[in-house]
Each structure stands twice: as C-alpha cells, then as structure tokens.
Amino acid sequence: MKNTMNQSEMKTSDGSGNKTVGRDVIRPDALEKVRGRARYAADLRRPGMVYAATARSSVASLTGLRVDSEDAERMPGVLRVVTAADIPGSTQVPLIYMDQPFLAIDRVRFHGEAVALVVAETMEQARAAAARVKISGEPGDLVLTPEEALADDAPVIFSPPDGLRDAARNVFKSYRICRGNAREALERSAFVIDREYRTPHQEHAYLEPQGMLAEPMDGGCLHIYGSMQCPFYVQDAVAAILGWPRSRITVIQTATGGAFGGKEDMPSIVAGHAALLAWLTDRPVSLIYDREEDFRAMSKRHPSIVRVIIGADARGHVTAADVFVTLDGGAYATLSPIVLWRSAVHAAGPYNWRDVSIHAQAVATHTVPNGAFRGFGEPQVVFAVESAMDELAQRVGKDPLTFRRDNIFQYETDQTATGQTVTQPSLMEALEKATAAVAWDENYHPPADRPPDMMASPVRGVGCSVSFYGVGLGAGGRKLARAGAYVQVEVDGSVRVFIGNTEMGQGARSVIGQIAAETLSAPFEKIHVGRADTSRVPDSGPTVASRTTVMSGNAVMNACMTIRASLETVAAEQFGCDRDALMATGDGFACRLHPATHMAFADTVSHAAAARLPLASSSWFVSPPTSFEEADGQGHAYMTYVWSANAVAVEIDPGTLQVKILKLAAAHDVGKAINPREVRGQIQGGALQGVGFALSETIAYSGRTPTIGSMPGGRMLNPGFSGYICPTAMDAPDIVPIVLETAYDNGPYGARGIGEPPLIGVAPAVANAVANALGVRVRNLPLCPEHILEAIQKQEIAHE
Amino acid sequence: MSKRVTLSFKLNGGLATVTAPPAVSLQRILREALNLTGTKNGCGEGECGACTVLFDGVAVNSCLVPFCQVEGRTIVTIEAFDHSGDAPVHPLLHALVTHGAVQCGFCTPGVVMSAVGLLNHNPNPTRDAIREALAGNLCRCTGYDAIFRALQSLHSVSVMPVPRYREYRGEIRETDRVDVIPVKHLEELKALEVLDSWDLRFLAGGTDLMVSKNGQGKGSAGDMWIDLARCAELQHIRIVDGRMRIGSGVTWAELTTDPHVRQYAPALAQAATQVGSAQIRAKGTLGGNLANASPAGDSFPVLAALKTHVVTVNPGGGTRTIPVEELVIRPGKTCLNSGECIVEVIFPVDARRVSGFFKSVPRCAQALAKVSVAIGLTMDGNVVEEARVALGAAGPRVVLVERAGHCLVGRALSPDAVSECVSASIDAAAPIDDFRATRDYRIRMIEVGIRRVMASLSRQNQRSSPESSPRPE
C-alpha cells in the first residue's frame with residue numbers, strides 16, 4: 001500500500017537535538033488499520049484451510065472425566081475430534097509451573113476449561129460439533145473463594161510438586177518481604193489503621209478475541225500466525241505439545257487487536273491447539289474464539305484481598321507497614337507466582353516506612369485462571385495502600401495531599417520495601433502537577449460527616465493517589481531480561497528492523513522505528529519495523545511489563561550504532577574530516593567544520609554499500625542487574641521505576657449513588673517520550689481501563705454472587721459485553737495526561753516505559769474522591785452504586 | 001435445512017450478488033462470501049460495534065442484520081474508503097490517524113462507519129453528539145478522547161466515500177437450520193398456515209433474534225422466521241380518534257424523533273433515547289422489545305403507564321387486544337400463541353396527561369435497566385385525575401402499581417402523596433438480587449425514580465397549565 005501521508009505534520013524538534021525521537025510521528029500501522037486493511041488472525045485465509053472449535057466443560061469441578069465424541073464425529077464436515085490422548089508431546093502448557101493441561105486430563109477445575117477440540121470444514125460446523133461433545137464425570141466439591149481454598153478441610157485444587165518452595169496445598173506461591181520489625185513499630189505508633197480491601201476480576205476486553213492460524217510447511221515445519229504478545233512463549237508451547245525442536249516452528253505475530261496482558265500466556269494454549277490439529281490433519285487450521293468462550297476461559301486480573309496495617313507517629317510521619325496480600329489465582333498457576341511477586345514488591349507503596357513486613361500468597365480456586373493484566377498485580381495493592389493512606393491521613397488529622405507530601409519518596413536515600421535505594425524519584429512533581437490539574441486547593445474540603453439525603457443535589461469531592469512501577473521483569477523474571485534485534489539497511493536506503501517484542505496497539509513499531517531513525521540518522525519514513533517473527537531474532541522474552549521501549553529499544557540502538565559506524569566512515573571520507581566532526585542531520589550527515597556539506601542518508605548508504613562496509617547488524621541487550629533474596633525479600637528488585645500520580649474530581653448523585661468523574665489528571669514520569677502523542681494515548685487509554693476497574697468492571701460467578709433459580713456454582717454469569725460493564729464513549733471522563741521526562745541513564749534516549757502505569761493508580765484516587773465527597777469509605781471495588789449503598793448502610797448502623 | 005437464497009444489494013458504489021442461507025448475518029456475508037474483512041467480529045451480539053456498516057446511510061451492527069433483509073439495500077463498508085494508488089487519504093481517516101485515534105485498530109473500521117453515520121446528518125457535531133453516536137463502538141485502547149478530537153477537527157467535509165462501480169459476487173456454501181418467510185402484507189400473515197413442526201420466530205429488527213442466531217444469546221433462534229421488516233402495515237405512528245397507534249415495526253430511532261410521540265408520550269421518547277446504542281436504536285423495534293418479554297424491557301413500564309393495549313393478529317385472521325401489562329407470563333415468555341404477531345400498540349392521547357421515565361443504569365449507554373419507572377398522570381389543573389405508575393425490572397414482568405391511583409387520584413402532587421406512592425410501589429415490587437444489581441439498590445432506585453419523575457411531571461404540569469390556580473369545584 002502506498003503511504004500517501006507524509007510526516008510533515010510532525011512537530012518541530014524539542015530542543016534536545018533529536019530529529020525523530022520526541023516527535024509526534026504518525027505511527028506506521030495507523031493507515032492500514034484505519035482503512036480496514038490490517039489483517040488480524042480471523043482475516044487470514046489459506047487454500048485448504050479448515051476450522052477448529054473447542055469443547056469446554058460446563059461444570060466447574062469434575063473428577064473421573066469422560067469424553068464421548070461419537071455424536072460430534074458424525075456431524076457434517078467434521079474431520080476429527082481430539083482429546084488429550086492425541087497429544088504427541090507434552091500434555092502440559094509450559095510456563096512457570098507445568099500444572100495446566102492443554103486439554104483436561106481426568107479432572108476439570110473450572111467452568112469453561114478446554115476438554116476436546118473439533119476440526120471441521122467450516123467454523124459453523126466445528127462449533128456445532130464441539131457443542132455435541134459429551135463431557136461427564138463426578139462433580140467435585142467447589143471452592144470459589146480464597147477463604148474457602150485456605151480452609152483446613154478444603155478440597156485440593158493444587159498440590160505443589162516436589163521441591164517447589166514457598167507453595168502449599170491450594171497455595172501456588174507465597175512471598176515474604178521483611179525489613180525491621182513492623183509489628184513492634186506499629187505498637188509504638190501514635191496512629192494505626194488496620195483495614196481490609198477487596199478487588200474483583202477484571203477482564204481485558206481486548207476488542208479482538210483470541211485467534212491463531214497454524215500452517216504446515218515444507219520440510220516438516222510449522223508456521224503459526226496470530227494474535228499475541230509473546231511469540232517465544234507460543235513457540236515454546238507449540239514445541240512442547242508436538243514434541244518438536246523449536247527450529248521447526250516459526251511464530252509470526254499478526255496485527256493484534258489489543259492484549260493488555262490477556263495475550264501474554266493465553267495464546268500459547270490457542271496456538272498449541274491449532275498446531276496439534278494442523279499436524280494431525282496436515283491442513284492449515286484456523287482457531288478463532290468467540291466472545292463468550294474468550295470471557296469464560298481466558299485469564300483475568302486476579303481478585304484480591306489485601307489487609308493493610310499502617311501507622312504514623314504523632315507528627316504525622318509514617319512509621320511501619322504490615323501488609324497481607326491474597327490473590328485469587330483461579331484454577332491453574334499460569335503467571336500467578338510472578339504477578340504475586342510484583343504485588344509483593346509494590347505492596348507498601350512509595351513511602352518511607354522504617355519497618356516493613358509484607359506477606360503475599362496466590363491461592364487456587366475453581367474459577368478461570370487469572371494472569372497478566374496491565375499493572376500485573378499492582379492495581380490491587382495500590383488500591384489498598386492508597387485507600388489506607390487516606391484513612392490514616394484522616395486519623396492523623398491531615399489532608400491527604402499534605403500527608404502524602406510529608407511521606408512519599410523524595411530523596412535518593414529513600415528505600416523501597418525491598419531495601420532498594422531509589423533513583424530520580426520525581427513523585428513530588430507528579431503529585432503537584434496532577435493535583436494542580438484538578439484545582440485541588442479550590443476543590444478539596446474535609447470529608448462530609450455523613451452522606452446527603454437521596455433528593456439532595458449532587459456532591460463533589462477530590463482524591464489523589466501516588467504509585468511507582470518497576471519497569472521490566474525485575475529480579476522475579478531476570479532469566480528473561482534480555483532482548484535481541486536485527487537491523488538491515490538495504491542498498492536503496494530503506495531499513496528493515498526486527499525485534500522480538502510485539503506491536504499490540506501500544507505503538508511499539510513507531511517507537512522502535514523512531515529509535516532506529518534517530519540512531520541511524522535516517523528519515524523515519526525509511527524505516528520498516530517488521531512483525532515479530534521468531535525466525536528473525538532470538539528469544540527476547542515477553543512483550544510485557546512496559547519493557548519493550550527499554551529492552552528492544554536498547555537492542556535496536558546497539559544494532560544501529562554498528563551500522564552507523566559504516567555510514568560515518570564513508571561520510572567522513574567524503575567530507576575529508578574526522579568522524580568526530582560529523583553531525584547527524586536526521587537525513588544523513590554533515591560536517592561541523594564545513595556547514596555547507598551534507599550527505600543524505602540514502603547517498604551515505606549507497607557509498608557504504610559500494611565500499612562493501614557492513615550494513616546489517618544483530619545485537620543483544622541485557623538489562624542492568626537486579627536481585628531479590630527469597631528469605632527476607634530484600635534486593636534491587638527492578639532496574640528503574642516509573643513515578644506516577646493521579647488526581648480525580650468526582651460528582652456523585654446522592655439518589656442513584658452513581659459516580660461521575662469530572663476530571664482525571666494522570667502524571668507519569670516516562671523518562672523520555674519517544675512519541676509524545678502515543679504516550680498521551682497510552683495514558684488516556686490506560687486511565688480509562690482504570691476508570692472501568694474503579695467504577696463498573698467485575699465478573700460474577702454463580703455460588704458467589706446471588707443467582708436466580710438453582711444454577712450450579714462456579715459459572716461465570718456475565719461472559720460478554722452486555723453484562724460486563726466497560727466504559728463506552730458516553731462514560732469516558734475528561735482525562736488529562738501529564739508527561740514528565742526525567743531521563744533514565746540506561747534507557748534509549750532516556751526512556752523508561754509507559755504501558756502499564758496509567759491503569760494502576762486510578763481506582764484509589766477515585767475511591768478517595770468518593771470518600772471525600774460522600775464521607776463514606778468503600779473498600780471493595782468496583783465503586784458501583786450497590787457497593788456505595790452497602791457502605792452507607794454499614795456506616796448508618798455504626799452511627800446508631 | 002434451509003435453502004440458500006441469491007440476493008442482490010448495492011455495496012460500496014457497486015452491486016453485490018450473493019448466495020447464502022437467508023438468516024446468516026450481513027457480517028458473515030461481507031467477511032466470508034465477499035472477503036471484505038475490514039468489517040470485524042468482536043462479539044456477535046451488537047455490543048462492540050466493530051462490525052458497524054452503513055445500511056441505507058444509517059450505522060448498524062452488521063452482525064445483527066440477517067442476509068434476507070439486505071436485498072435491494074445500500075450497504076457501505078470500510079472498504080469504500082480504501083482507495084488504492086495515489087488517491088489522497090480520506091479526510092476522516094486522515095483526522096483519525098493524525099490525532100492518534102488508532103491504536104490496536106480493531107475497533108477502528110467500526111468507529112469510522114459510526115462517524116460517517118453521524119457526520120452525514122450532522123456535519124458539525126458537538127462532543128456530546130459524537131459521544132452518543134459512538135456509544136455503540138467499544139474502544140479499549142484510546143480512552144476515546146483522541147477519536148473525539150479527530151471528529152471535531154473536521155469542519156463540514158464531505159464524508160461519503162467516492163463510489164467506484166464494481167461487481168461483487170460470492171457465496172456461503174453451508175446451509176443452516178433457519179428458513180425465512182418474508183411477509184409484506186398482514187393478509188399474507190393471516191393466510192399463513194403455521195405447521196406444528198416449526199419452531200417459529202418473528203424477525204423484525206433482529207437485535208435480539210440475531211444474537212441467538214450468532215450463538216451468543218441464551219435462547220434458541222428457532223428454525224422458521226417470519227420476516228416482518230418490509231411489512232408496511234407495521235410502520236405507522238398516527239393519532240386516530242384520540243388514540244395513538246404505533247406499529248410494532250417502528251424503531252427506537254423513530255420513536256426518539258417522532259413529533260407526536262414527543263408531544264403526547266414524552267416518556268416513550270425518553271425511554272427510546274436510552275435504548276442500547278445508535279446502531280441498536282436504528283434497528284430495534286417496539287414490537288420486538290415487547291415480544292422478547294424481558295423483565296428489563298424498556299417498553300413495558302412506559303406503555304403500561306400510558307395505558308396501552310397490544311393488538312395482535314393470528315394466522316387464520318383472528319385478532320386480539322391485550323393490556324400491555326398482561327402480555328408477559330414470565331421472563332422471556334409472552335401469552336402469545338405460536339404465529340400470533342404483535343401488530344401495533346394503542347394508547348389514549350390526552351393533552352392533560354403528563355408522562356415521564358426513569359431508568360437506573362450501570363453505564364450511560366448500552367445498558368439494561370437495573371430498575372425503570374414510568375409514570376403517566378392525567379391532570380385536572382393541579383389535581384391528579386388518573387395515575388398509572390409502572391416499574392420495570394422490579395419483578396418477573398412489568399409491575400403496574402395498583403394502589404398508585406388510590407394514593408394520587410383526587411390529590412395534588414404533594415410530598416405526602418408522592419411518599420405514599422413510593423411506599424405502595426415498593427410494596428408492589430418484587431425485585432431480585434442478581435449480578436446486575438442488589439435488591440436493596442433496586443428498591444432505592446424505585447423510590448429515587450418515582451420521586452424524580454414526579455418532580456419533573458409536577459414541573460411539566462405547571463408549564464402546560466398556565467391557569468394553574470385551583471379550578472372552582
């Protein structure tokens with residue numbers, strides 16, 4: 001497709017001397033997407049392609065699983081029905097533990113678990129036949145909450161394999177972080193708050209459901225195309241289920257219609273299934289989920305129960321924090337251990353506690369496995385600790401903003417819960433800017449005593465929160481903290497760039513292209529960032545944890561520096577000057593000593609090619625070292641942190657108890673905004689997901705939520721967009737993005753990352769604003785009218 | 001098994017001829033038969049809007065349009081904007097791209113089509129108009145702001161794509177279980193011989209039936225559809241002999257704008273504006289909402305408050321008139337016989353009647369009622385002459401509060417009278433606890449709803465009767 005847009009609308013340089021970095025370039029994928037040309041997994045067609053569908057359990061807990069596929073096999077168009085017995089390689093999905101089967105074996109642990117696969121000539125035939133697969137067994141006892149799972153006589157959902165540390169029956173993993181003696185310090189504290197907070201499931205609600213195409217190729221190879229964040233996880237999974245060497249499996253990411261963590265590990269299962277069927281039938285197999293099964297079977301944000309005990313001294317300085325985090329992991333471990341680690345490391349917030357104790361555990365239940373979701377275990381603990389900080393401020397008798405100013409990280413001597421000394425904490429600037437944007441000083445009032453009458457006019461309030469976010473996988477995932485890149489400059493001056501991280505909507509291809517253009521001194525239009533392809537770059541870890549800009553960005557920079565040496569060699573020769581005297585113009589080079597000289601990028605390339613200098617390079621970047629001591633949870637947990645503050649002004653209708661956000665200001669220190677427009681887009685989009693988490697999003701299960709009639713327990717009651725309430729265009733508040741740029745030394749052009757932080761601190765800021773407006777504290781998300789009403793009723797009882 | 005049918009329609013300036021089963025969605029026709037994959041599938045139930053196309057110039061969800069209803073229509077898809085070669089990028093697309101309104105891109109084609117639907121009749125929309133037009137297009141990436149800014153940057157540009165003549169041909173080879181009988185005149189319906197073996201459904205706007213057909217709803221889609229979409233006798237809104245008669249095929253969009261409805265049944269217009277999204281309102285019909293028999297159906301409380309009768313015809317020619325509050329037996333089940341079709345609703349028109357509607361919702365659009373309240377009061381000056389108070393989603397079917405008249409008739413709308421009406425309504429309601437709302441909250445919303453509607457009716461009445469001083473007895 002001819003790109004008929006030009007970049008002339010780019011803003012001028014930001015004064016840094018950078019030509020492309022720091023500009024609002026038009027992202028290279030936007031035009032094909034807006035024209036409907038981008039091809040997503042469900043848009044792919046192949047000659048001879050057949051379609052797959054998944055037969056799922058409609059019961060949450062079964063033992064003695066039996067599968068009868070006779071009827072299904074006789075349905076029109078059906079080629080084959082497949083169960084776990086047909087798997088030639090590993091029956092288990094390779095991830096942190098190997099506890100989840102690709103297809104259920106003997107037992108079913110959640111409603112919606114995949115039991116069998118059907119492959120047929122058309123998608124309708126495959127789905128019709130999948131509905132005819134008979135799944136039976138003995139219904140087992142149900143465990144739907146962490147409290148039930150931890151009871152002494154609880155049925156066993158998970159038992160740790162031998163040798164697994166810090167796990168127990170129905171406990172996937174636990175962590176302990178300990179500095180000083182929190183309990184003693186709290187006993188000595190003048191003010192103490194001890195509260196429990198709860199958060200629900202959150203669904204990613206990416207607009208494109210999961211989908212894969214597996215295509216058998218010559219030479220005993222298999223190509224996988226699909227919607228994903230982590231092609232190397234998919235490669236692992238396909239190699240495992242088929243028992244093949246990785247070298248015969250190529251995974252190519254297609255346009256991905258949103259992911260938000262929901263396409264981190266889940267696509268491994270989808271691709272494993274498609275690959276198995278492609279191998280068994282020797283046909284290209286398309287496996288596309290429908291929305292309901294995507295809701296039922298794909299991972300969610302972990303529900304949490306977080307108990308926060310925090311104290312302050314008589315002058316209002318914080319003393320100690322004792323935090324207990326319980327995450328509901330669902331039926332299988334998936335990513336729970338590492339999500340839990342991030343929860344634990346951030347559970348005490350960005351405050352100067354002298355003594356800290358954190359206990360964290362992830363527990364098994366008979367519900368959908370929970371995994372990665374933007375924020376990765378942080379939104380839960382940040383909701384708890386930031387709500388508790390407001391409650392403590394009130395106890396101390398300070399307003400929440402002053403109380404935070406007095407206690408947040410400010411100096412490079414301040415230490416996180418893991419004892420990591422912080423660098424460049426720009427939290428105060430973020431907090432001041434965010435609160436100023438909602439006119440805090442004018443709008444803050446001491447919280448109301450009690451809620452207004454039902455027919456009163458709307459009440460208003462403001463709230464804020466601070467948070468920090470460790471960029472990358474940190475010490476919890478340090479094995480994967482590396483990334484490769486491959487850059488090849490063609491003789492015509494166009495440039496191909498390959499990285500191991502994916503574009504899932506967040507703008508990675510733009511940012512990576514800008515870094516390459518800047519480093520090569522090439523026009524941005526000359527750069528083509530290819531799709532993630534496991535055959536082009538080595539395993540670069542997952543596209544998660546806001547790590548792509550730092551990890552792949554550095555790798556690309558390194559590769560481009562090697563090529564730039566070739567280009568500079570010929571330019572210097574042409575100008576008759578030293579390489580030191582060259583300057584990059586954004587399109588080739590000039591010589592500082594002779595201002596009239598200039599050699600365009602394409603000419604430099606052409607000369608370098610003629611001189612047979614190397615114009616291609618692969619490179620490897622390894623993240624700065626991190627550490628974590630399992631015994632006491634001390635260490636240099638992450639390479640760097642993004643500092644964030646959110647401030648919210650709300651209006652509440654005292655009758656309906658509906659919360660309307662008048663303004664949400666979100667300040668984030670991203671180090672360097674490579675593409676400021678896309679950074680603002682990340683902030684606004686992430687913040688709106690945070691608004692959904694704050695106000696309306698939750699998953700209901702029968703047996704846990706009141707249900708009509710005698711429905712069996714463990715069924716998801718709202719598996720679709722009509723029952724799962726995410727914000728529409730009419731619900732979206734005014735979101736003001738505030739971008740701070742304190743350059744990070746190890747980041748490409750100073751960048752840190754921005755994908756996840758925007759979601760994290762929104763919910764507590766809203767909860768604090770609601771408490772300010774109504775005088776009622778809601779400690780369980782979402783802040784829906786029903787929960788607010790419950791809190792009002794509790795408070796009224798307490799008053800009486 | 002159904003026969004496949006061959007139908008033609010105008011598509012992107014050209015002509016499409018497709019052979020496929022009659023009940024499959026237009027979305028499948030576009031994607032599977034014609035390989036126009038710019039129209040996306042994000043949910044199959046009309047909630048996400050990723051499949052939005054223009055149907056005779058109006059944005060609709062193509063997943064909810066059955067193939068049998070596209071014959072002779074004009075369909076425009078995102079591909080109409082995809083000019084190849086050196087043609088300049090369409091200004092609308094250009095605006096979206098340069099404002100950063102495109103991230104993952106999956107919702108984007110649908111957003112474009114909804115935007116075209118809006119801009120075609122409103123070239124300089126306010127931000128609120130944009131929000132309303134896009135409320136049926138979920139975007140999970142951008143936070144919507146960039147999309148709003150992009151659309152506001154366009155000043156009266158022509159948003160229609162440049163048509164290019166092309167012939168499109170394609171087919172879906174499968175058959176499926178649904179057959180469709182089109183009905184253009186009520187006489188045909190009356191003459192229809194309904195077989196016992198049929199699992200019959202009436203098809204109107206398709207906004208509920210197609211959800212089941214796409215496998216996303218709980219209910220079955222049946223195997224025989226009677227398509228009423230082209231039955232002109234179901235499309236009327238008129239006042240005859242002091243009665244408003246509204247055909248069952250009238251859409252929510254029409255109810256929103258019809259001047260008679262706005263004047264004489266404002267509660268109905270208010271309810272209509274709050275249904276679903278622009279795409280749903282363009283297709284969903286009043287009759288469909290009634291026949292679907294949902295406890296949360298917005299038409300029930302409003303029509304009950306307006307003292308409405310539902311008129312039906314039976315195959316064989318018989319007709320019935322049923323008070324709307326008696327139409328439903330239990331959730332999802334009406335008292336209608338197989339083949340009995342809702343033709344119109346009739347309610348009295350009275351200049352002295354004021355009416356209002358309140359809906360408690362989990363979000364601002366695409367929302368099922370947690371509870372709804374509709375009130376119709378016929379006023380004699382300040383005094384209530386007749387009162388009808390109806391509650392939606394407050395029981396297995398609409399609750400018409402019998403004691404409301406007792407509380408209100410012969411009195412002014414005093415605080416005491418309103419409070420008595422609130423108590424009577426809460427007593428009459430039987431709301432449930434479910435995942436959409438708690439019983440406690442629903443009860444509170446009955447009170448809030450009644451008090452708010454009463455307050456607004458009291459204001460309406462003050463305005464409409466300038467001689468508001470008490471009349472001599």
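## The open sheet of chain B

In this predicted model, six strands of chain B form an open sheet whose order is β4-β3-β5-β1-β2-β6, and the pairing within it is mixed. Strands β4 and β6 (167-171) of chain B stand at the edges with a single partner strand each, so one side of each is left without a neighbour in the sheet. On average, and with direction ignored, neighbouring strands of this sheet are turned by 35° against each other.

Helix α1 (residues 26-33) of chain B packs on the sheet, where it touches β2 (14-20), β3 and β6 of chain B, and its direction makes about 100° with that of β2(B). Helix α3 (residues 108-121) of chain B lies across β3 and β4 of chain B and runs at about 30° to β3(B).

## Strand β3 and its two partners

Strands of a sheet pair through backbone hydrogen bonds, either parallel or antiparallel. Strand β3 (residues 52-55) of chain B runs antiparallel to strand β4 (residues 58-61) of chain B, and four bridges join the two. Within this pairing, L54(B) has A59(B) as its bridge partner, while V53(B) has V60(B). The hairpin that β3(B) and β4(B) make has two residues between the strands, and in it D56(B) takes a positive phi near 50°.

Strand β3(B) also pairs with strand β5 (residues 74-76) of chain B, again in the antiparallel sense, over two bridges; here the bridge partner of F55(B) is I75(B). In a regular strand the side chains alternate between the two faces of the sheet. In β3(B), T52(B) and L54(B) point one way, whereas V53(B) and F55(B) point the other way, and all of these residues are buried.

## A largely enclosed helix

Is helix α5 (residues 145-152) of chain B largely enclosed or largely open, and which of its residues are buried? Six of the eight residues of α5(B) are buried, so this helix is largely enclosed by the rest of the structure. The buried residues are D145(B), A146(B), I147(B), F148(B), A150(B) and L151(B). Both chains take part in covering them: the cover includes α17 (676-695) and β25 (735-740) of chain A, together with α2 (91-98), α3 and α4 (127-134) of chain B.

## Two helices from different chains

Two packed helices are described by the angle between their axes and the distance between the axes. For helix α20 (residues 785-799) of chain A and helix α16 (residues 439-464) of chain B, the axes come within 9 Å and cross at roughly 95°, and the two helices are therefore roughly perpendicular to each other. On the side of α20(A) the contact is made by P785(A), E786(A) and L789(A), and on the side of α16(B) by D440(B), Y441(B) and R444(B).

In soluble globular proteins, nonpolar side chains tend to be buried together. The largest nonpolar core here has 454 residues, of which V118(A), A274(A), A275(A), V556(A), V766(A) and V770(A) touch the most other members. Helix α15 (residues 548-575) of chain A gives the largest share of this core, 12 residues. Domain 1 and domain 2 of chain B both give residues to the core, so it lies between them. As for V766(A), leaving aside residues up to four places away in sequence, its contacts are G463(A), V648(A), V650(A), V659(A), I661(A), A694(A), L695(A) and L783(A).

Methods
Residues are numbered from 1 along each chain as its sequence is written. Chains are lettered from A and ligands numbered from 1 in the order in which they are written. This is a predicted model: local features need pLDDT of at least 70, side-chain atom pairs count only at pLDDT 80 or more; totals for chains, interfaces and linings use all residues. A nonpolar core is a set of buried Ala, Val, Leu, Ile, Met, Phe, Trp, Tyr and Cys residues joined through C-beta atoms within 7 Å. A residue is buried if 20 or more other C-beta atoms lie within 10 Å of its own, exposed if 12 or fewer, and partly exposed in between; C-beta atoms are placed from the backbone. Domain bounds come from an automatic or database domain assignment. Two residues are in contact if their C-beta atoms, placed from the backbone, lie within 7 Å. Two strands pair if DSSP finds at least two bridges between them. Axes are lines fitted to C-alpha atoms, for helices over the stretch in contact, and angles run from 0 to 180 degrees between N-to-C directions. Angles under 35 degrees count as roughly parallel, over 145 as roughly antiparallel, 65 to 115 as roughly perpendicular and the rest as oblique.
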